[in-house]
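Me: I would like to go through this model by question and answer. Please show the sequence and structure before we start.

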Amino acid sequence: MDFSIASILLLDGLTNGAVYALLGLATVLVFTVTRVIFIPQGEFVAYGALTLAIFQTGRVPGTVWLLLLLAGVAALMELSGRWQHHRNALLALKAAGRMLFVPLVVSGIAIWAAPQQFPLAVQAALSVAVVTVYGPLVYRVAYQSLESATPLVLLIVSVGVHFAMTGLGLVFFGAEGFRNPAFWDLRLNIGPVMLSGQAIITALATIALIVLLWLYFERSLRGKALRATAVNRTGARLMGISSQASGQLTFTMAAFIGALSGLLIGPTTTVFYDSGFLIGLKGFVAAVAAGLASYPGALVAALFVGVIEAFGSFWASAFKEVIVFTLILPVLLVRSLRSGHSDEDH
Amino acid sequence: MKNLQNMGLLVLALAIPLIAVLPLPDFWITQLNYIGMYSMTVLGLVLLTGVGGLTSFGQAAFVGIGAYTTAWLTLNTGMSPWLTLFVGMGLTAGSALLVGLITLRMSGHYLPLATIAWGLSLYYLMGNLDALGKYDGLLGIRSLSIGDFDIGQGRPFFVLTWVLLLAFAAALLHLLDSRAGRAIRSLKGGSQMAEAMGISTFRYKVTIFVLAALFASVAGWLLAHFQRTVNPSAFGLKMGIEYLFMAVVGGVGHVWGAIVGAGLIRVLEDQLQVLLPRLMGTSGSYEVIVFGIALVMVLKYLPDGLWSLVGRHLPRRPRAVDWQHAAALPERDKPDAGALVLDVRKARMQFGGLVAVNDISFQIHAGQIVGLIGPNGAGKSTTFNLITGVLPATSGEVVYRGATISGLNSRNIARKGMARTFQHVKMIPDMTVLENVALGTHTRGTKGVLSAMLRANRTEERQLFREAQRQLERIGMGEYLHEQAGNLAMGPQRLMEIARALCADPALLLLDEPAAGLRHQEKQALAGVLRQLKLEGMSILLVEHDMDLVMQICDHLVVMEFGTLLTQGPPAQIQQDPKVRAAYLGTDH
């Protein structure tokens, strides 16, 4: 290995690591606010990339139909839940309508825009919009009524959601893989290092998102409310912060981050309906390494995972997944030794 | 309850030979073979997840270790499958031990996460190693045989698998109904109570994780020789999740739920794999959609699984009392009357800048009831936690019967003969009162997991139950023996905790607000019990708010306010003390 190969691998690793970092941040975010270990995070990645790929062909992506289906289920659940609670048909219908409104609007736009062959950026924005709307719906349908369950039950639910979303991905996208066009065809040679436009966009998007998240949590009331929920749910509730609204908002953000990651990773690799899982899990390894609690920790760990993966695929390409996923054991060992005592279960 | 489980075993034992001779189509025998092997793995999850409250997505990986070990060894070294079984189990135990030791000290969700990563990396390892045939796996594994008799297929294999399964189920039922089993059942409720009973929660967590992995390993050994080929796809994360799914659907808390779940999922999967692709028009594993949605629905609407629908209609029968003639447990030597039992010397607890306990000193002598009182927030509970080892003291020393115990954890302090109750009752609601109280005898028994599974622990079990019954009768709860603990009212629950503490044969009893939530009559009964204990030479430290009770029964009072010692002395003197009155009622200065 010489310097140029090493620098290429490093750059490659950092680019992928940036995407893992986004997913790791989303995982930490969801866990701290809702105590859900969100395994299906990766499905949003695949959904995002594949939605854009189908838009490229001028057809209506399957995610739109699935979105309508999911919104229908969520609206029905809302309707029956409210009805059982208040016995007031008007309130119940209103709640169901609220559930349906955004998905209907977004789907409508998507169905209208699909055959128009808009420029890539518009299609990308639409794809993100479609997938982002999944967030609150998934929360409503799968998690909301289990709010007070233990993290363990929520984790098993996550696995169920992951199964369902992967299978539905197969139904709506088929088994075929897609590779998206690059957003920016730049090739920049700095000495021996070649910088691609895609890498620059990925880096910029990651940094921008991290800054935005930081601003949101530090400066906005809603963000502070989420932090309050993360620290103490009961306390936040007593202060009038709805933990359900917090959950829906968090899942919206997670879905947005997932879709964005899908767009970023789409041009560098062929995405299949089930590719999201492994991509998401690598973000996940980073989040776990950071104890599911620290954002900067997850960022650093994710970049590290990306770099390890890049060098691993150069030296022992068959074993790169083995290396990445075995890496978590020593990390956990260190955490275990540092924590020193057994935590009381929640 | 016990009789019924034995009945289940009997039914199964009768059904095995019957099915083997019935003219069932071969297809169903094959299905039953798979169900038996799956059930074996799921049985491990019942122990781990349902009983112990831990979760693993990596059971399939352990099945894989068992399968690949025997496949590789029989193909490459010609070793007998009957030997490779144990090699596989050894390898499985080693890797489970490693993963368990690393993750089980941390909170509950790290184990499932680690098993996900573990399952994935093992899958890719199997799929990429040349020696293991990469993704094609290993072919041509020999069938199991005894001498020249092939028992690796069809009906003989069915008998082998189900007899093994039956043996494992019996062993598990025996385990759960034993000293070790009660300790395992206490894991789910958090470690504090279990540790206070002298139970090493970490050790038991690792033990059940390894045991569950071993069940999976045996299933893998069977699978390899039944299919006569192994490849990574049967041992991936998806399969690991499916095992957990079987457990959850069947009823993760019940041994029989494992078989119900495995059976249902196996049959369902088989049907769906044919039906769904036909429905969709293309091939693909669409059954995961149904499984995923079903998993969420089951957790939402039937969290105890399908078996609970059957189980809740089965009558519960009280345990047969067979311990009247058991030998008494040996007792530790007690301090002489009046000897110094506990000496707290300048104990201090600081949380950052806040001094919760400020250099508190007091003593307890044998046969004395000492009351620790003070207004809310005075630091009584923190002091209590310092003595019992729940919190490490910032400075100062606690000496118990001449030996320093500060720095020891609550488990080791409990083993030295200091027993406690909790301010908020901590018990296992679905065990009987007798079983809950028997938990207190943990440190006085020695029989472990293996002897429990083999039923070699009967003599000791009888001794433990005899002691539990004796202590329950001592505090007047003799008629509640077989009641479910969760059904008790607050008063009896608190008395049950005292009986449990007494089972540890303590020289010092620490009671944290035993009268809270009790009615007047129950309080009088409690006072009677405590006086009786004192007469028998017991030393007691009592944290209590009920002044009537405290003044009635205590010999000595320690009054705390804002973390500091206000005063101490006999009750009559404390009652007259202006400082104490000021602390409780406020005064004009």
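Me: In which sense do strand 7 and strand 13 of chain B pair, and over how many bridges?
Reply: This is a predicted model, where local features need pLDDT of at least 70, side-chain atom pairs count only at pLDDT 80 or more, and totals for chains, interfaces and linings use all residues. Residues are numbered from 1 along each chain as its sequence is written, while chains are lettered from A and ligands numbered from 1 in the order in which they are written. B:Leu372 stands opposite B:Val558 in strand 13 of chain B, and the pairing of strand 7 with strand 13 of chain B is parallel, over four bridges.

Me: Which strands stand at the edges of the six-stranded sheet of chain B?
Reply: The six strands form an open, mixed sheet in the order 10-11-12-7-13-14 (chain B). Each edge strand has a single partner strand, so one side of each is left without a neighbour in the sheet; these are strand 10 (418–420) and strand 14 (564–569) of chain B.

Me: What angle does the direction of helix 14 of chain B make with that of strand 11 of chain B?
Reply: Helix 14 (residues 380–388) of chain B packs on the sheet and touches strand 7, strand 10, strand 11 (508–512), strand 12 (539–543) and strand 13 of chain B. Contact means that the C-beta atoms of two residues, placed from the backbone, lie within 7 Å. Axes are lines fitted to C-alpha atoms, for helices over the stretch in contact, and angles run from 0 to 180 degrees between N-to-C directions. The angle between helix 14 and strand 11 of chain B is about 150°.

Me: Which residue in the turn between strand 13 and strand 14 of chain B has a positive phi?
Reply: Strand 13 and strand 14 of chain B pair in the antiparallel sense over five bridges, and the bridge partner of B:Met560 is B:Leu565. The two strands form a hairpin with two residues between them. The positive phi, about 45°, belongs to B:Phe562.

Me: Why is helix 3 of chain B called oblique to helix 9 of chain B?
Reply: Angles under 35 degrees count as roughly parallel, over 145 as roughly antiparallel, 65 to 115 as roughly perpendicular and the rest as oblique. The axes of helix 3 (residues 59–76) and helix 9 of chain B come within 7 Å, and they cross at roughly 45°. That angle makes helix 3 of chain B oblique to helix 9 of chain B.

Me: Which helix of chain B supplies the largest share of the side that touches chain A?
Reply: In the interface, 38 residues of chain B are in contact with 42 residues of chain A. Helices of chain B that each supply at least two residues of this side include helix 4 (81–103), helix 5 (110–128) and helix 9 (201–227). The largest share, 10 residues, comes from helix 5 of chain B.

Me: How are helix 3 and helix 5 of chain A oriented to each other?
Reply: Helix 3 (residues 62–86) and helix 5 (residues 120–143) of chain A pack with their axes 9 Å apart, at an angle of about 30°. That makes the two helices of chain A roughly parallel.

Notes
Pairing = 2+ DSSP bridges.
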